[in-house]
Amino acid sequence: MTKIQIKRAYEPSQPSDGYRVYIDRLWPRGLSHETFHYDLWDKEIAPTTELREWFHSDPVVRWPEFERRYKAELEGNPAFASLRHEIAGHPVVTLLYSSHDPAHNNAIVLRNLLSSL
């Protein structure tokens, strides 16, 4: 079984990260293409722009509803099945996100959904 962990894109890469997947639609602000290490950038797995913008206006209050809506998006997104297939061959996968909030972000929802399958 694949171990799935999450990490901010701004934290240094470590060998323990395994296969690194950046899961946001937008490039992480301030990071260069030369210094940011990832194995896969899966833009299509990110929340839609509409959901992301709605959520970011009040993440703490909107967190439960964001989780519900993002899970619904993922269940209807062909990129979700592709990502599941892609990570299945890796013992450790780190989902990279760029949000400042470590408790309320799309990586948490994605990790929980992938781990429950």
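Trainee: What is the handedness of the crossing of α1 and α2?

Mentor: The crossing of α1 and α2 is left-handed. That word applies if the near helix is turned anticlockwise from the far one by less than a right angle, and right-handed applies if clockwise. This is a predicted model, in which local features need pLDDT of at least 70 and side-chain atom pairs count only at pLDDT 80 or more, while totals for chains, interfaces and linings use all residues. Residues are numbered from 1 along each chain as its sequence is written, and side-chain values use heavy atoms, with hydrogens and water left out.

Trainee: Why are α1 and α2 called roughly antiparallel?

Mentor: They pack at an angle of about 165°, with axes 9 Å apart. Axes are lines fitted to C-alpha atoms, for helices over the stretch in contact, and angles run from 0 to 180 degrees between N-to-C directions. Under 35 degrees counts as roughly parallel, over 145 as roughly antiparallel, 65 to 115 as roughly perpendicular and the rest as oblique. α1 and α2 are therefore roughly antiparallel. Helices here are DSSP runs (H or I, at least four residues), as are strands (E, at least two), numbered from the N terminus.

Trainee: Which residues of α1 make the contact with α2?

Mentor: Leu 51, Trp 54, Phe 55 and His 56 do so, and their partners in α2 include Glu 65 and Tyr 70. Contact means heavy atoms within 4.5 Å.

Trainee: What makes Glu 65 partly exposed?

Mentor: Buried means under 20% relative accessible area, exposed over 50%, and partly exposed in between (1.4 Å probe, protein chains only). Glu 65 has 27% relative accessibility, so this residue counts as partly exposed. Glu 65 is found in helix α2, and its C-alpha atom is separated by 8.7 Å from that of Phe 55.

Trainee: Why does Ile 23 count as buried?

Mentor: Its relative accessibility is 0%, so Ile 23 counts as buried. Ile 23 is found in the loop between β2 and β3. Among the residues that Ile 23 touches are Ile 45, Leu 95 and Leu 110, not counting residues up to four places away in sequence.

Trainee: What is the largest nonpolar core made of?

Mentor: That core has 24 residues, and those with the most contacts inside it are Ile 45, Tyr 70, Leu 95, Leu 110 and Leu 114. α4 gives the most, with 6 residues. A nonpolar core is a set of buried Ala, Val, Leu, Ile, Met, Phe, Trp, Tyr and Cys residues joined through side-chain atoms within 4.5 Å. Leaving aside neighbours within four places in sequence, Tyr 70 is in contact with residues including Ile 45 and Leu 110.
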